[in-house]
Structures are given as C-alpha cells and as structure tokens.
Amino acid sequence: MRAALVRLRRSTGLPVAFGGLVTAGPLTGGTGSVRIGELSGAATGVLHGLAIATGNGLGGKALALSRPCAVTDYPVSRHISHEYDAAVAAEGLLSVLAVPVVVRRRVRGVLYGALRTAQPLGDRTLSEAVAAARDVEQALVVRDEVRALLAAAGPAVAGGGPPAGSAAWEEVREAHGALRALAPRVVDPALREELLAVCGRLASATAPPRVRDVGLAPREVDVLACVATGATNAVTAERLGLRPETVKGYLRAAMRKLGAHTRLEAVVAARRAGLLP
C-alpha cells in the first residue's frame, strides 16, 4: 500500500494519498470496513486509523459499488454520505477520488488521492489511481499464494513434511515453480524478497546441507524450477516472460555449473544442492 501511494502521488501530482485494507477478511455482501493504515503527504494524522464502513462516505461508496468514485467538493457533495466530514475537513481535502482494491471479485481495501482545492480530477488521474490499486491487488495475490503454499507445505518447511517423491510434495514443487516465475513481476521489492525467501525455505526443506555453493543466478534457478515441473523451453519462456532462446541459454549455464549433461541431471543436482524442492 505504501509503495502504491507513493506511485500515485508521483504519477499524478496529487499532494495527498492514503489507503487501507479490510480489517477482517475480504468484504462480501456489502458488509465490513476498511481501516486507513497508510498516509502519504498528509499534513495531520487525523485520517490514520479511520474505519471506513461499506456505503459510508466516498470510500464506502467505492467499496459498495466495487468501482472508482470521485467528488470535486467533498463537504458539499450530494452524491455521498458525510460521516467523515470532520476528518476530511481537518486535513483540508476538497477534491477526492477513491479506488477499491479488488482481488478475485472481493474487495480487500481502498486507495484515495486528494487535492486541497475544488477542481475536477481528470481521466488521467483516475487511470493512474486505478493502476496504483492494481499494484496493491498484485501484492495481495502474491501474499495469498504464499500463505496457501505455507499452509499446504507447513510440515515440509518445518522439516517433517511428505516424502520427496509423494504426490503432496509434487504439488509443493509445482507451487514453488509458479512462485519463482511470479517473483520477478512483483513491484514491491520487500514483498519480492519475502517471496523468494519462502521459495528458498521450500527448496531446502528436504535437501541435505549444501556441500558447495554452485553459484546459480536467480534466473537460472527460475528456469530450473519450471523445467522441474516438466515444462518445455517454450512453456518456461511464456511463464517467465522470456524468449525461448534465452531460456536455453540459462539452462545451458545452469547445467554447466551443476556438472549436468541433461535437463533431468540438472534438476536432480539442483535439488541435492537445496536449490529446488
């Protein structure tokens, strides 16, 4: 959320941006609330911690409709209710937009941008706000995937999971490959590092301690993670957003470093080195 707010202010020139996530589970059926947890450019802290109920105010309207909403002069707008007028006035906001954060058709938060003058917010500003909200949505999708993976592979991460050849462990390997492919596309660097750290824990869960560091580059590991699931070079290229020739180059480099002569040997060697689950 913090990175998305910084992006919004930088791309639009809006002086104030703020937002928050659902306090307890995704919103469904028009119930629940979002708590404002991040402020960027605010002159006061009055908005921090504010609970936005579905249907109330501008943000609540965006939550209820699951679409962006905007007003030119917040205090006198007839298109919203006014439960939060005191906080908005204390911050000196007039023109405000609100964009819901929606993941798999469920509202997970809301992102705001605002001016301290009453003037229309154009289509470009709205488009940039929607793009910033998409960054938050992507981050939440990744977090959901990580949590699901850890829930499914918790015993394995702890060192007492399913046997390496079991069907359950094959599912872990599939998920590991998918998360490795997703990591380079994550905008938030902290989240990307967190995701790669989880991948590392899964990769070493059933492997013996490393005897040597084979020095594979991150993209070489990404390619091997896809190859380990049975993906062809063409499929691997599509998953990673690379050209097939580039995939071949990474694979050859990984095989050379691992002392492998075939794709299968490379995967086996990578697993023994604790680079793949």
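The exercises below, each with a worked solution, concern the predicted model shown above.

Residues are numbered from 1 along each chain as its sequence is written. Because this is a predicted model, local features need pLDDT of at least 70 and side-chain atom pairs count only at pLDDT 80 or more, while totals for chains, interfaces and linings use all residues; side-chain values use heavy atoms, with hydrogens and water left out.

**Exercise 1. Describe the protein as a whole: how many helices and strands are there, and what share of the residues is buried?**

Step 1. The protein has 10 helices and 6 strands. Helices (H or I, at least four residues) and strands (E, at least two) are DSSP runs, numbered from the N terminus.

Step 2. Of the 277 residues, 43% are buried. Buried means under 20% relative accessible area, exposed means over 50%, and partly exposed lies in between (1.4 Å probe, protein chains only).

Step 3. The protein exposes about 13,300 Å², of which carbon and sulfur atoms supply 54%. Accessible areas come from the Shrake-Rupley method with a 1.4 Å probe; for residues, only the protein chains shown count as cover.

Step 4. Take the contacts between residues at least 6 apart in sequence: 60% of them join residues at least 24 apart. Contact means heavy atoms within 4.5 Å.

**Exercise 2. Find which strands pair with β1, and state how many of the residues of β1 are buried.**

Step 1. One partner is strand β6 (residues 106–115), which pairs with β1 in the antiparallel sense over 6 bridges. Two strands pair if DSSP finds at least two bridges between them. Within this pairing, V16 stands opposite A114.

Step 2. Strand β2 (residues 33–40) also runs antiparallel to β1 and is joined to β1 by 6 bridges. Here A17 stands opposite S40, and F18 has L39 as its bridge partner.

Step 3. From β2 the pairing goes on to strand β3 (residues 51–53), again antiparallel, through 3 bridges. R35 has A51 in β3 as its bridge partner.

**Exercise 3. Is N233 buried or exposed, and what does its side chain touch?**

Step 1. N233 lies in helix α8 (residues 233–240). Its relative accessibility is 18%, so N233 counts as buried.

Step 2. Leaving aside neighbours within four places in sequence, N233 is in contact with V247, K248, L251 and R263.

Step 3. The side chains of N233 and R263 make a polar contact at 2.7 Å. A polar contact is a pair of N or O atoms within 3.5 Å; within protein, one must be able to donate a hydrogen and the other to accept it, and residues adjacent in sequence count only if both atoms are side-chain atoms.

**Exercise 4. Examine the positive phi angles of S66 and R104.**

Step 1. Recall the background: most residues other than glycine have a negative phi.

Step 2. S66 is not a glycine, yet its phi is positive, about 55°. S66 is in the loop between α2 and β4 (69–71) and is partly exposed, with a relative accessible area of 40%.

Step 3. R104, also not a glycine, has a positive phi of about 50°. R104 is in the loop between β5 (95–103) and β6 and is exposed, with a relative accessible area of 55%.
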